[in-house]
Amino acid sequence: MSRYIAITDIHGELEKLESVLSKINTKPDDIFVFMGDYIDRGPDSKGVVDRIIEQSNYNKCIYLIGSHEYALLHSPSDDYYKYLFDNYGGPATIRSYGSFNNIFRIHGDFFRSLKFYYLTDKYLFVHAGINPNYSLEDQDETDLVYIRGKFIYSKHNLPQKIIFGHTEFDEPLIQEDKICIDLGCGKYPHAKLCALILEENGQENFIYSD
């Protein structure tokens, strides 16, 4: 069996990503699950995307879509998502890439390839959560990247534990059926980036950036 290493909501903070990765004693069969919101707010969105892609040279990597990538992809054709991109950190991403068009020229294929969730026998990895009223197959994709309270404060009916981000907490939110590891990285200057290592024996270890 492999370990799963979950990281989410990096938001352009390359130094914090490098700090976390440097503290993980990586094994060749580790599987990294990056759970979205790589871009916006922080100073180096392009560097973050380059770095997580580079990690695939050493380990199997799963890349999920976050709310900010979702807004980016829909912003050219939808005024609502253009507003979200423009007002929730998008200008920092444009500066990082040099222009809006460069985002798609350099990493367009990557952003368009992002998955909405990753399911194993023990875990469901997803950016924001699921609507507990629907089966996994019947989820609205916007819930998978945007849902908050209805998911966080309700029990879900899946046999898997759900690992997610999107909603920031001062420390990891650990519940019987779910774990949130978004600590506000990129949104607050002193917020740390958190990685969750899910060991083969079920142990859950948290790694934090400096």
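Strand 7 and strand 8 (residues 178-180) run antiparallel and are joined by two bridges; strands here are DSSP runs of E with at least two residues, helices are runs of H or I with at least four, and both are numbered from the N terminus. Within this pair, L173 stands opposite C180 of strand 8. The model is a predicted one, in which local features need pLDDT of at least 70, side-chain atom pairs count only at pLDDT 80 or more, and totals for chains, interfaces and linings use all residues. Residues are numbered from 1 along each chain as its sequence is written, and side-chain values use heavy atoms, without hydrogens or water.

The two strands belong to an open sheet of five strands with mixed pairing and the order 4-5-6-8-7, where strands pair if DSSP finds at least two bridges between them. Strand 4 (117-119) and strand 7 (173-174) are the edge strands, each pairing on one side only.

The loop between strand 6 (161-164) and strand 7 contains T167. This residue is buried, with a relative accessible area of 12%; buried means under 20% with a 1.4 Å probe, counting protein chains only. Leaving aside residues up to four places away in sequence, T167 touches R148, I152, C180 and D182, contact being heavy atoms within 4.5 Å.

Attention now turns to helix 5 (residues 90-97), in which G90, A92, T93, S96 and Y97 are buried. Seen down the helix axis, these residues fall within an arc of 155°, so they line one face of helix 5; the arc is taken from the directions from the axis to the C-beta atoms. They pack against helix 2 (45-54), helix 4 (79-87) and helix 6 (100-112). After helix 5 comes G98, with a positive phi near 95°.

Conventions:
Buried means under 20% relative accessible area, exposed over 50%, partly exposed in between (1.4 Å probe, protein chains only).
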